[in-house]
Number of protein chains: 2
Amino acid sequence: VFTPLGLDESRLAGGFWGERQELNHDAIIPHALHWLERAGWVGNFDDAASGRPYEHRGMEFADSEIYKIIEAISWDRARTGPGGADLHAHLDAALDGLVDRLAAAQDADGYLHTLFGRAWQRPRYSDLSWGHELYCFGHLLQSAVANARAGANAKYLQVATALADHVCVMFGENGLRMVCGHAEIELGLVELYRLTGVRRYLDQAALFIDRRGAGTLPRIEYGSAYAQDDMPVREATVLRGHVVRALYLSAGATDVAVETGDAELLRVLETQWANTVATRVYVTGGMGSHHNDEAFGLDYVLPPDRSYCETCAGVASIMFSWRLLLATGKSRYADLIERTLYNVLAASPARDGRAFFYANTLHQRSVSVPAPVNADGLCLRGASSRREAWFEASCCPTNLARTLASLGALWATKDAEGVQIHQYGGASVDTVLADGRRVGLDMETEFPHAGTVTITIRESPGTPWTLSLRVPEWAEGASVSVNGVAEEAAPGVASVTRPFAAGDTVVLELPIEARFVFPHPRVDAVRGCVAVQRGPVVYALESVDLPHGWSTEATVVDVSKPPMSDSDGVRVHLSSADSPARDFPYSVSAADVAPDLAASAEVPLTPYHDWANRGPSTMRVWIPTSPVGTAE
Amino acid sequence: VFTPLGLDESRLAGGFWGERQELNHDAIIPHALHWLERAGWVGNFDDAASGRPYEHRGMEFADSEIYKIIEAISWDRARTGPGGADLHAHLDAALDGLVDRLAAAQDADGYLHTLFGRAWQRPRYSDLSWGHELYCFGHLLQSAVANARAGANAKYLQVATALADHVCVMFGENGLRMVCGHAEIELGLVELYRLTGVRRYLDQAALFIDRRGAGTLPRIEYGSAYAQDDMPVREATVLRGHVVRALYLSAGATDVAVETGDAELLRVLETQWANTVATRVYVTGGMGSHHNDEAFGLDYVLPPDRSYCETCAGVASIMFSWRLLLATGKSRYADLIERTLYNVLAASPARDGRAFFYANTLHQRSVSVPAPVNADGLCLRGASSRREAWFEASCCPTNLARTLASLGALWATKDAEGVQIHQYGGASVDTVLADGRRVGLDMETEFPHAGTVTITIRESPGTPWTLSLRVPEWAEGASVSVNGVAEEAAPGVASVTRPFAAGDTVVLELPIEARFVFPHPRVDAVRGCVAVQRGPVVYALESVDLPHGWSTEATVVDVSKPPMSDSDGVRVHLSSADSPARDFPYSVSAADVAPDLAASAEVPLTPYHDWANRGPSTMRVWIPTSPVGTAE
């Protein structure tokens, strides 16, 4: 339905996300490059190329982090464009160096993985449940396509096509009739098909999608749903199992559905998305309710304190929603992308871009942090209580880097009639419609800090075209003004069709006062609690904002008084609710366990994405409400 | 303070627990013996004795299951006494066979473990975090002491003392200054000291207690608190980390404190118990809030749906409380034992004694069961949704077996003044007080189905002695009658001192009407919910008891109408609370997410320990309460 724009067509300019793209270029990417060397994960390729035995460093998927950082550098190059060449020279050099080193490790038949297949290693494809071989390949392909689209390293694409050809032989109709424990190869194959037009890459991706769910993977402790091998993609009605696996698979299946014109598959995927978002998503947009298996819980199992909400799951959720948005044009997909951007992706990196949340909890009860596990200070995946510089399983920083670098693409699309704006934040769009008409516009806004979005037409053909603006689901009461003439705009899409002239302005006014958010009664874990949201931004109560002696664990909010929001931020009416410990935390007397509401105060909340930036703290998104009639 | 009675002095006779002891003898023990052979865990000893290389079957702690079943058979022999010799002949034979086979695998220096130390295996003591060597040794020692007290196999005690001597050399003051990742050796060493009087066993146990918390264990993903190696026992204020590890350590430390007269250590352990029970215990008495690391959560982190409440943790909790009861005489320790017996231990075995819950969840949302993991149909630890015949980590069935066999010991104790009754259920007590006076009594009761406990004195010296009865913490309004003369008895202990004559009766009347139980407000996970308890028995709402079309997930209870209990069981007033799925499970409108209360009905609850015995079902202990004023 919608055609995506290149990163040279839709660029962010300052503001909330523009600043984060700069942070990505200046800090996150260099930080990741440093750690990939320090941890020895790039060195694995050098050792593999040497032909001598070596001890592999890192997890089974360590190779993929190098591919993801190359993808990030590539998108970052596309984003900065020719004008950014000087600025980008050092990253380009780093990229070329990485490509040389990984290319040297590729086997003659195209296979490329540093953990398997050499005489002293486990055989190729001997551990499809956990080995991540095809998963790594998928990232290489995706990365090489990004690199090719940014117009860069020719050698890398050769590595990719040789690898893709190897996969098509090994796993084709007459090859190993198996799948990888972690979906991703499907995405890479379709992307390579789109770039090269080589149909067998698409066919192979479709084969992997159809093959999953047949129980070809060895059984593991977490069950076959963990890797979505419990039932065919076409039979599932909701996402389940390991969250990133489930979302990557869904995104890849959407790619296959779109490229093969499989409307039935697309419909199934839309249903899976809808059921998942109805019952298995946190208010932040985060997904994943289990630490144990990094998995979805059952419907409405959304405990705030054990929320996993992995950063990579946020990236993956955006990938799936983005593909459904392009395929269907429905604004709800962009709504979830927005929620996920502000409350998962924005939450992960520290302000300096050198530490990250792996899991994004909605409730942190303790300021203490578990001790690191290994001598280099690395946790396996990081505690939910603080951002960490690097992880043994360090998928999140590189995933974040490639997503931030390519973020501009999410802002706008085009179709035969005109341009669609999906996200708000300083940006410029310059594109050519299908009929050759050129369109250019600039977006200025302080969103999400303020609700006014001003779009100024810079270039217009003089004939009518349509500018469509998403009105977010939370923006009841929005309006759109064209050259000063306002009209109400209901949540969904507001479209303006006219022969725009350069200098025309379209102003979207989004109401962003803070509101309480109430949970569905089946979300057992937050019964009797409310959250606070302002625009798409979810807020949190952080201990550092509480009066002296109060605790996030013994505070109730008065919902009879709406939250206040102004330029100073968001505040709510809270009461300290003392509940002394009892010998046993249950009683046959309700009065025995009733909290003693003491002092009340207006207390500021902090944007959830900005918590844990002011030293050790406790935090909660869901705040218990005061018992009726006792809040005064 | 109190002296424990032998299993020949305190015997159960029928009733709730007597029946379970018979089930243990008839079904659980034979079932475990069958699976220990089938799984090859006994075979490991045969292979080890053969001197030829072999592939070890089962987990690192598989050896210990054999020791625990020997312990169970030994206690069961002591329980049945000389009169049960015929009945017991086949179990005695099985025991002797097991002892012969494990003894053949013992090394010349006393070491005995089937997974470590042979030329083709990992070296002894090379993996103290996960290897469970000393843990297995501890179970062997405990088992051998049980066997010796039951007057049986002399060879087994020789194996045990040779092993204990090996441990004292290897881990003594001049040996490896380390501890085992899983406490247990401490318990076994103190028990062996008690049997043999050999002081160095006690000293070695004290050394292990003092050594833990120094960080001698290699760092693992779950952190050093997992194995209580984060701080010295004497500095901790609450239990933390892996629940069974924490409780076994505490029980062992209590043994050391008592035997060495260390009042300060005993005081610390009492504080740890009190803080744990105040903030980290489920209403069932179950402990363990995390599936991930089988660990305690932070204070008040007690999610019903992810409750782990491992059966072994229930056994371990009873071990710790029992030791504190003996050491201090405080009835609260017996209160927790009672709660744990009825709601954790009684819940684990199926009615036929051939399947077990490993985890004991308080909320089961789905009737579906994950597929088994390996070809023999074994899950690693079992789902919380059904009882399973056996597990790869099958610690619970054997732990249950040894506890059920020795249960009579928990019923009564003695001191210089008389006899104390701690638990209620058909039983007979025959003992000799310290001054040589003989006392005999019979207890008759249908408890917990009814609240009347009748104790008839069978033998009395004619001089005054004291009969003490625990009045449970839930039994406000109890009374004690002596030969028909009643007096009120407040929760705690009711004592009667007199020159009892044979035929005297003491009747304890316990009020056991069903009551709602309210949670402390800091237990976030069950805010706005109530549980129902009748006497010590926690009840649950099980889907099979609901009217057609209702769901445990969409039902609220009217707390303005007290639960009803009579001979038909317990019933509450429920309303079906329809809450249709929304596009997104949160709303700025409270009305949007308010449930629609439809039909009301009186619905029976089921004793929690008896759930999942009527086919696939969903279940919840904590039931949401209806909003104020809307329940009619």
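**Reading strands, sheets and domains**

Author: Let's start with one pair: in chain B, strands β7 (residues 438–445) and β8 (residues 452–459) run antiparallel and share six bridges. This is a predicted model, where local features need pLDDT of at least 70, side-chain atom pairs count only at pLDDT 80 or more, and totals for chains, interfaces and linings use all residues. Residues are numbered from 1 along each chain as its sequence is written, chains are lettered from A and ligands numbered from 1 in written order, and side-chain values use heavy atoms, leaving out hydrogens and water.

Reader: How do I read a strand pair, and what stands opposite Thr445(B)?

Author: Strands of a sheet pair through backbone hydrogen bonds, either parallel or antiparallel. Strands here are DSSP runs (E, at least two residues), numbered from the N terminus, and two of them pair if DSSP finds at least two bridges between them. Opposite Thr445(B) you find Val453(B), in β8(B).

Reader: Which order do the seven strands of the open sheet in chain B have?

Author: The order is β2-β6-β7-β8-β13-β10-β11, with antiparallel pairing. At the edges stand β2 (10–12) and β11 (485–489) of chain B, each with a single partner strand, so one side of each has no neighbour in the sheet.

Reader: Now chain A: which domains does the assignment give?

Author: Domain bounds come from an automatic or database domain assignment. For chain A these are domain 1 (11–410), domain 2 (412–509) and domain 3 (514–624). The centres of domains 1 and 3 of chain A, taken over C-alpha atoms, are 35 Å apart.

Reader: How many salt bridges are counted between domain 1 and domain 3 of chain A?

Author: Two. A salt bridge is a side-chain nitrogen of Lys or Arg within 4 Å of a carboxyl oxygen of Asp or Glu. Look at Arg351(A) and Asp610(A), whose side chains form a salt bridge (2.8 Å, N to O).

Methods
Helices (H or I, at least four residues) and strands (E, at least two) are DSSP runs, numbered from the N terminus.
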